[in-house]
Amino acid sequence: MNSFSFQNPEMLSLLLVVLFLIYWHWRVKQQDKSAKFIFPAIEVATAGGNSHAPHSLLFLLRLLSYCLLIVALARPVQVKQQREVLPEKQVAIVLAVDVSKSMLAEDLKPNRLQALKSIASEFIDSRPKDLIGLTVYSGESYTQCPLTHDHALVKSLLSDASAEWLKDGTAIGMGLASAVNRLKRSSAEGKVIVLMTDGENNAGAIDPMKAAEFAKKYNISVYTIGIGTEGTAPFPVQDIHGKKKYYNVPVSIDEVLLKKIAQITKGSYFRAKNNQDLKTIYRKIDAKETPKPQMRSFLSFEELYIPFAFTALGLLLTELTLKYSLLRSFT
């Protein structure tokens, strides 16, 4: 939407001076037929000829130059309403992955941990502009990968994640605290933790709710995912002959705790009972953390006084040139 306005509209009142000049010349014409500057309409009506046409032309040029100069002093501007798409906010995401032995249960295929790695890798691919980091935990936790734009590196380290050098157990508080430490100094506008576990907090020196308060302090949203079916899940065990056998072990996820962590940090809790559930959960998180394009409206002002000023100057110069050259004999 475009519009036209004046920055100094009070200057337009000077046009009254132009009207006064017209009236004054008209009065002079009435009193003295030999006046140098004659109003054109009166010239035709009273003189009945073109003997004073040069004077009329000079007077007209001067009047036009005055009018244009006054318009220039009023600073005409063209006002344009414009819109621009603001840059997308950058999001920093840390995946906090439970790698405890129970994650080898095969209620998700081929097992919980491998299903998580595969689907989380797809999630990483869907966030090409974000900083992504990785922490792993079982009975203790550590940072597998700091925040980075090198998503190939994150995926590679996620693929290698295991509890080989960690104590067994499920230290949810430690895993969450490690992820918060990765994010607390980030300058990203959005800070997110996706915490995945299949059990209850039974290890570690940090209480999960304390870690959640820590996340809240730094405006970090935590999405918690409980991984595992209802009831029992098949868990592989090798016998003394090296053959794989399965035992049905109880699935015990502390959903109350995971819901509280999500609630206090303005995140969400999800339950993944199979591979498709986990894929759907990651799509939901992706949608929640993908902001809609933001538009900014603003007004731009284009100054238009220069053409008026130069035209006024040109008319004045034309008047002076004609007055002291071609029309000199008439003045």
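Analyst: Happy to. One definition comes first: axes are lines fitted to C-alpha atoms, for helices over the stretch in contact, and angles run from 0 to 180 degrees between N-to-C directions. Keep in mind that this is a predicted model. With that, helix H4 (residues 112-125) and helix H5 (residues 151-160) have axes that come within 10 Å and cross at roughly 170°.

User: Why are H4 and H5 called roughly antiparallel?

Analyst: Angles over 145 degrees count as roughly antiparallel. The H4 and H5 axes cross at roughly 170°, and therefore the two helices are roughly antiparallel to each other. On the H4 side the contact is made by Lys117, Ala120, Ser121, Ile124 and Asp125, and on the H5 side by His151, Val154, Lys155, Leu158, Ser159 and Asp160. These residues divide into 4 nonpolar, 3 polar and 4 charged.

User: What makes H4 roughly parallel to H9?

Analyst: Here the cut-off is an angle under 35 degrees. The axes of H4 and helix H9 (residues 275-288) cross at roughly 30° and come within 10 Å, so H4 is roughly parallel to H9. Their crossing is right-handed.

User: Which residues of H4 and H9 meet?

Analyst: From H4 they are Ala115, Leu116, Ile119, Ala120, Glu122 and Phe123, and from H9 they are Asn275, Leu278, Lys279, Tyr282, Ile285 and Asp286. By type, that contact has 8 nonpolar residues, 1 polar and 3 charged. Ala120 of H4 is one of the residues meeting H9, and Ala120 is also named in the contact with H5.

User: Which residues of H8 are buried, and what covers them?

Analyst: Buried means under 20% relative accessible area, and the H8 residues that qualify are Leu257, Leu258, Ile261, Ala262 and Ile264. Their cover includes helix H6 (172-183), strand E6 (190-197), H7, strand E7 (221-227) and strand E10 (269-272). H8 is followed by Lys266, which has a positive phi near 60°.

User: Why is Asp254 called partly exposed?

Analyst: Partly exposed lies between the buried limit of 20% and the exposed limit of 50%. Asp254 has 25% relative accessibility, so Asp254 counts as partly exposed. Asp254 sits in the loop between strand E9 (244-250) and H8. Leaving aside residues up to four places away in sequence, Asp254 touches Gly199 and Glu200. Asp254 and Gly199 are 55 residues apart in sequence, yet 6.4 Å apart in space, C-alpha to C-alpha.

User: What share of the protein chain counts as buried?

Analyst: Of its 331 residues, 41% count as buried. The chain comes to 10 helices and 11 strands, and it exposes about 18,100 Å², with carbon and sulfur atoms supplying 57% of that area. Among contacts between residues at least 6 apart in sequence, 77% join residues at least 24 apart.

Key:
Residues numbered from 1 in each chain as written. Predicted model: local features only at pLDDT ≥ 70, side-chain atom pairs only at ≥ 80, totals over all residues. Heavy atoms only, no water. Helix = DSSP H or I, 4+ residues; strand = E, 2+ residues; numbered from the N terminus. Buried < 20%, exposed > 50% of the residue type's maximum accessible area, 1.4 Å probe, protein only. Contact = heavy atoms within 4.5 Å. Areas by Shrake-Rupley, 256 points an atom, 1.4 Å probe, with all protein chains shown as cover. Parallel < 35°, antiparallel > 145°, perpendicular 65-115°, else oblique. Nonpolar A, V, L, I, M, F, W, Y, C, P; charged D, E, K, R; others polar. Left-handed = near helix turned anticlockwise from the far one by under 90°.
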